[in-house]
Amino acid sequence: MPNTVFITGATAGFGAACARQFAAAGCWNLVLTGRRAERLEELKAELSPKCAVHTAVLDVRDRDAVAAVVAALPEPFSRVHTLVNNAGLALGLNPAQTCDLDDWDQMIDTNVKGVTYVTRALLPAIIKEGTGTVINLASIAAHYPYPGGNVYGATKAFVRQFSYNLRCDLVGTGVRVTAIEPGLCESEFSLVRFGGDAERAAAVYKGAHPLTADDIAGTIFWVASLPKHVNINCLEVMPVTQSWSALNVHRDAE
Ligand code: NDP
Ligand code: 8X3
């Protein structure tokens, strides 16, 4: 019998690529969630010939909606084996002293609280299945600070530490937990970060040979498909073109 994977933020980027990757394997049922209903329906129409697909419009910031979507999962989708906590976003790149507090709230509500709501709602089912994986999308921004990364990087550091702490609580249940930490990867991420400014978003990736959403989906699928005694705690992935830079030193003007 196929296992069920529950993916948040399946309407774009890594989430949609993940849905395609799991569907192509032919041995998974998909639960696809996100806020954009039309995109969910398009993906369902595309993937249904390959596997069973259940969609649910879901804003992960809405705690009651998360609980309701999970409670309403029909058989066999209610037997969630693997969770991909992918929904998330960065908003803006301003220094902290000029940031919009609404942007900070939205990042915290989505990247931090949303991940906790979905995880908590699904853990009983995942534990019941006994051999599944909780895969959380953190980021290299969880480790390496950069100007304007302020709250976004901090939310991803939360995701990494939450993943490690989950492992402690889940030991003995057979459930695995992995934090995936991608670097520069082309998706709708920068379009969202820059409020729909396509030119500014394209400049982030221009000439950089960034990772693709398929690269990350392949990594997620690999983690979910490992032998059941193997747990990848954390996996940091960058494009070859990306590396670290020297520490910044501010100097007085001459
Ligand atoms: P995209 O913007 O392409 O996709 C983000 C997805 O998250 C969309 O499907 C969006 O769907 C969903 N989403 C956003 N807010 C909510 C919400 N409140 N409720 C439910 N779904 C939501 O970005 P990526 O695919 O690149 O990013 C996926 C994850 O990977 C994010 O957590 C991001 O922080 C992380 N990441 C991305 C990197 C990159 O360089 N691209 C690098 C490192 C980590 P909808 O709008 O329909 O709700
Ligand atoms: C996304 C990667 O470096 O733009 O998490 O923050 S970065």
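Modeller: A polar contact here is a pair of N or O atoms within 3.5 Å. The model is a predicted one, and that cut-off is applied to its atoms below.

Begin with ligand 2. The residues around ligand 2 are Ser-139, Ala-141, Tyr-146, Tyr-152, Phe-189 and Arg-193. Sorted by class, they are 4 nonpolar, 1 polar and 1 charged. The side chain of Tyr-146 has an N or O atom 2.6 Å from an oxygen atom of ligand 2. Ser-139 places a polar side-chain atom 2.6 Å from an oxygen atom of ligand 2. For Tyr-152, too, an N or O atom of the side chain is 2.6 Å from an oxygen atom of the ligand. On its own, ligand 2 would expose 250 Å², and the protein buries 81% of that area.

The contacts of ligand 1 involve both backbone and side chain. A nitrogen atom of ligand 1 lies 3.0 Å from a backbone N or O atom of Val-60. A polar backbone atom of Cys-185 is likewise 3.0 Å from a nitrogen atom of this ligand. With Ser-187 the side chain takes part: one of its N or O atoms is 2.6 Å from an oxygen atom of ligand 1. Ligand 1 taken alone exposes 880 Å², of which the protein buries 96%.

Cys-185 raises the matter of disulfides. The structure has 0 of them. Cys-185 counts as buried because its relative accessible area, 6%, is under 20%.

Thr-55 gives a view of contacts within the protein itself. Thr-55 sits in strand E3, which covers residues 53–57. Apart from neighbours within four places in sequence, Thr-55 is in contact with Leu-32, Leu-40, Glu-41 and Lys-44. With Glu-41 there is a polar contact of 3.0 Å between the two side chains. Thr-55 is buried, because a relative accessible area of 16% is under the 20% limit. Ala-37 is 18 residues from Thr-55 along the chain, and their C-alpha atoms are 8.6 Å apart.

Two loops complete the tour. The loop between helix H3 (63–71) and strand E4 (80–85) contains Pro-76, and the peptide bond from Glu-75 to Pro-76 is cis, with omega near 0 degrees. The loop between helix H7 (198–205) and strand E8 (211–212) holds His-209. His-209 has a positive phi, near 45 degrees, although the residue is not glycine. His-209 counts as exposed because its relative accessible area is 63%, over the 50% limit.

How values were computed. Residues numbered from 1 in each chain as written. Chains lettered and ligands numbered in written order. Predicted model: local features only at pLDDT ≥ 70, side-chain atom pairs only at ≥ 80, totals over all residues. Heavy atoms only, no water. Near = heavy atom within 4 Å. Polar contact = N/O pair within 3.5 Å; in protein donor to acceptor, adjacent residues only side chain to side chain. Areas by Shrake-Rupley, 256 points an atom, 1.4 Å probe, with all protein chains shown as cover. Nonpolar A, V, L, I, M, F, W, Y, C, P; charged D, E, K, R; others polar. Helix = DSSP H or I, 4+ residues; strand = E, 2+ residues; numbered from the N terminus. Buried < 20%, exposed > 50% of the residue type's maximum accessible area, 1.4 Å probe, protein only. Contact = heavy atoms within 4.5 Å. Disulfide = S-S within 2.5 Å.
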